[in-house]
Structure formats: structure tokens, C-alpha cells
Amino acid sequence: MQKEYTVTVYTEDRIGITNRITIIFTRRGINITSLTTAETEIPGVYKFIITVLSTREKLDKVVGQIERLIEIHRAFVHEEEEVVYQELALYKISTRSLHTGDIERLIRENNARILTITAEYFVIEKTGHQQELIDFIKKLEPYGLIEYSKSGRVAIVKWSRRFHEHLKELQAEDAEHGL
């Protein structure tokens, strides 16, 4: 049965690695719904956070293929309850709505904040899970929603401590050998 999974991939920083990883999903007919990547707390090690709708069996095969790439340290498949995650959304709203005062209450009640205000518009920032961010769009539409943009998932795996310790040990060994 298809459901949402988070795939984490730890890599070296190499040109073309994003393409090499995503093509593996494409060949298996799996659509990536979100992809976020950034350097980890370990210099030179990057973490890809990939959200997909698929079956566990398909993803286990995909992860096996990804791990065969030379630049990959490790790759993992996680179910929703195994990760702590958030997404970030920005909402551009017409400044005219600030004059009513209601929108400020709505912003506070939804744990959002105003980032910038201009003569024509202001920008609201909100973090949360995807559905929560989409629901907030509906609440903002009556106030003159101009634009909406959302990030991909940012996630931390609940059980990844041993793996991160292993990566730090590898980094220390590299430093000892002058690599």
C-alpha cells in the first residue's frame, strides 16, 4: 500500500549527485513530492531529505540502489512516526488587510509571524506540517492572499545518533590522515 515516507541520504558534496539520486526514483516510477538538502553538522557531509508516496518494498530497493553510488555514506527509509519534521511557508498578503486588525489576531492564533511590511504587501512566515500550512492559506484568502511559497520537509530522525557518531569518527580519522 502506498503511503508517505521520508528518505534520508547522507552524501559527499559532488556535482551531479542530486541528479544521480533523483534519477533512481524516476526509473522506479516514484514521484518525489519534496526534496531538501543542506550540509550537516559534519563539514563535507550533506543530508538529502526526500518525501515520496510509495510502498516500503519499492523504497527499500531504491535505497539499496542509492547506497551503491560511490559518494553515498548511507541512505534510510523512515515512516512518519520515526521523524520529527516541519515545513516552512511564506504568505504574501495585501497591506490593506492590516487596517482591519482581524488578521493580526489570526496570525497570533496560528503561531505565525510577520517578516516584512511594505506599502503594497506584507509577508507572513509559518512553520508546521503540510496540511496545517495549506489550511492557513484558506484562512488568509479573505484578506487578499497574493502569493504563497512552501519549502520542502526538514526532518530529524529520532534514532540517528549512532550513525552521526560514526560519521564524526570517520571525519576524525580523515583529519588524522590529513584528508
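Mentor: A salt bridge is a side-chain nitrogen of Lys or Arg within 4 Å of a carboxyl oxygen of Asp or Glu. This is a predicted model: local features need pLDDT of at least 70, side-chain atom pairs count only at pLDDT 80 or more, and totals for chains, interfaces and linings use all residues. Residues are numbered from 1 along each chain as its sequence is written, and side-chain values use heavy atoms, with hydrogens and water left out.

Trainee: What makes Glu-79 and Arg-56 a salt bridge?

Mentor: Their side chains meet at 3.8 Å, N to O. The cut-off is 4 Å, so the pair counts. Glu-79 lies in the loop between E4 and E5, and Arg-56 lies in helix H2 (residues 56-67), so the pair ties together parts 23 residues apart in sequence. The names E and H come from DSSP runs: helices are H or I with at least four residues, strands are E with at least two, and both are numbered from the N terminus.

Trainee: Which salt bridge joins Glu-79 to Lys-3, and at what distance?

Mentor: The one between their side chains, at 2.8 Å, N to O. Glu-79 sits in the loop between strand E4 (72-78) and E5, while Lys-3 sits in strand E1 (residues 3-12), 76 residues apart. The whole structure has 12 salt bridges.

Trainee: Why is Lys-3 called partly exposed?

Mentor: Buried means under 20% relative accessible area, exposed means over 50%, and partly exposed is in between (1.4 Å probe, protein chains only). Lys-3 is at 30%, so it counts as partly exposed. Arg-56, at 27%, is partly exposed too.

Trainee: What separates Arg-105 and Glu-109 in helix H3?

Mentor: About one helical turn, because they are four residues apart. Their side chains meet in a salt bridge of 3.2 Å, N to O. Arg-105 is partly exposed at 39%. Glu-109 is exposed at 52%. Elsewhere, salt bridges that share partners join Lys-3, Arg-56, Asp-60 and Glu-79 into one network.

Trainee: Which residues of H3 are buried?

Mentor: In H3 (residues 102-109), Ile-103, Leu-106 and Ile-107 are buried. Down the axis of H3 they fall within an arc of 100°, so they line one face. That arc is taken from the directions from the helix axis to the C-beta atoms. On the other side, Arg-108 and Glu-109 are exposed.

Trainee: What covers the buried residues of H3?

Mentor: The cover includes strands E5 (83-94), E6 (113-117) and E7 (121-128), and helix H4 (130-140). Contact here means heavy atoms within 4.5 Å.

Trainee: How do you know that E1 and E3 pair?

Mentor: Two strands pair if DSSP finds at least two bridges between them. E1 and strand E3 (residues 45-54) have 10 bridges and run antiparallel. So they meet the definition of a pair.

Trainee: What makes E2 and E4 edge strands?

Mentor: The open sheet has the order E2-E3-E1-E4, with antiparallel pairing. Strand E2 (32-39) and E4 each have a single partner strand, so one side of each lacks a neighbour in the sheet. The twist averages 15° from one strand to the next.

Trainee: What packs on that sheet?

Mentor: H2 does, touching E1, E3 and E4, and its direction makes about 175° with that of E4. Such angles run from 0 to 180 degrees between N-to-C directions, with axes as lines fitted to C-alpha atoms, for helices over the stretch in contact.
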